[in-house]
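Here is a short briefing to read with the model open beside you. Have a look at the structure first, and then we can walk through some helix packing and a pocket.

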Amino acid sequence: MNKHHDPASEFDAATGQSTTGHEWDGIRELNTPLPRWWLGIFYATIIWSVGYWVIYPAWPLLTDATRGVIGYASRQEIEDDLVVMRKDRAALASGLAEASLEQIKADPALFRIATAQGKAAFGDNCAACHGVGGSGAKGYPNLNDDEWLWGGSLAAIQTTLQHGIRVAGNNDTRVSQMPAFGRDGMLKRDEISAVANHVRELAGLSTAPKADLALGRKLFADNCAACHGPAGKGNQELGAPNLTDAISLYGMDLASLTETITNSRNGVMPAWGQRLDPTTIKALTVYVHSLGGGQ
């Protein structure tokens, strides 16, 4: 229970100090003075803050802030740094703009500049789907391996970046359209299962115990070989993946293959030529090509 007594009349015999006069269930609070070192620091910070208010921007106003006697502004400092950086980049980028992709690849200085700028552009525009290191994710290609849907040469990568994949309104975009064999009634459920098992057979993977592989081979030859090739090796001109290497954007398990054959996938990538300048596209091309899977 809290009680209040007159501090002047309270004195703690054990410590020799007076109390604040407050008492909680018989426990009384000593009126211990603050340490001098603590008070010294406290007053010093007050003096320092007053000096800061006078010298630097400190107090917010309706649309701005007080400038301080030296007129310093961190925002202006950043803007000045950005101007210097843009000038430096423009000087470096002039070499990239004039050189071909092959010349950039062959020139160590240009290659270093291109990969640095390309890495920054990749982080800003591509990493959200392909991952920071380009390792990809389900539905987004791994750019570090040797599997390319539309080609891994410098020219092929530049075209894919420039015009995107299945971009409406872009006449030069990469285009292919895998049928939705199940959804559109082209194949029955057991036929789709047979084709899915044959695709796993092509990749050297195990198949279901009772899979009708003979039917799968026939249906594949009749419906899939035109794009993927008779042996399932793929066709980069059509963006048809190689089915023999067990690398798949959407998975090689039977459930994923069944879903792909039934409903198709047909992913889309933006046409970065509509958003990035040609030099940045060129730097991005060299960077992606250098990730490990460039041809």
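Let's start with α7 and α10, which are oblique to each other, because their angle falls in neither the roughly parallel (under 35 degrees), the roughly antiparallel (over 145) nor the roughly perpendicular (65 to 115) class. This is a predicted model, in which local features need pLDDT of at least 70 and side-chain atom pairs count only at pLDDT 80 or more, while totals for chains, interfaces and linings use all residues. Residues are numbered from 1 along each chain as its sequence is written, and side-chain values use heavy atoms, with hydrogens and water left out.

**Helix α7 and its partners**

- Helix α7 (residues 189-202) packs on helix α10 (residues 254-263) at an angle of about 120 degrees, with the axes 9 Å apart; axes are lines fitted to C-alpha atoms over the stretch in contact, and angles run from 0 to 180 degrees between N-to-C directions.
- Helices here are DSSP runs (H or I, at least four residues), numbered from the N terminus.
- On the α7 side the contact uses I192, V195, A196, N197, V199 and R200, and on the α10 side L254, L257, T258, I261 and T262, where contact means heavy atoms within 4.5 Å.
- Seven nonpolar, three polar and one charged residues make up the contact of α7 with α10; Ala, Val, Leu, Ile, Met, Phe, Trp, Tyr, Cys and Pro count as nonpolar, Asp, Glu, Lys and Arg as charged, and the others, Gly among them, as polar.
- With helix α8 (residues 213-223), α7 makes an angle of about 90 degrees, and their axes are 7 Å apart, so the two are roughly perpendicular.
- Residues of α7 that meet α8 include E191, H198 and L202, and their partners in α8 include R217 and F220.
- The contact of α7 with α8 holds eight nonpolar, three polar and three charged residues.

**Helices α4 and α11**

- The axes of α4 and α11 cross at roughly 95 degrees and come within 7 Å, which makes the pair roughly perpendicular.
- Among the residues that meet are F111 and F122 in α4, and Y287 and S290 in α11.
- By class, this contact of α4 with α11 has nine nonpolar, five polar and one charged residues.

**The second largest pocket**

- The lining of the second largest pocket draws at least two residues from each of α2 (74-98), α4 (108-125) and α11 (278-290).
- Helix α4 gives the most to this lining, with five residues.
- Four nonpolar, four polar and three charged residues form the lining of the second largest pocket.
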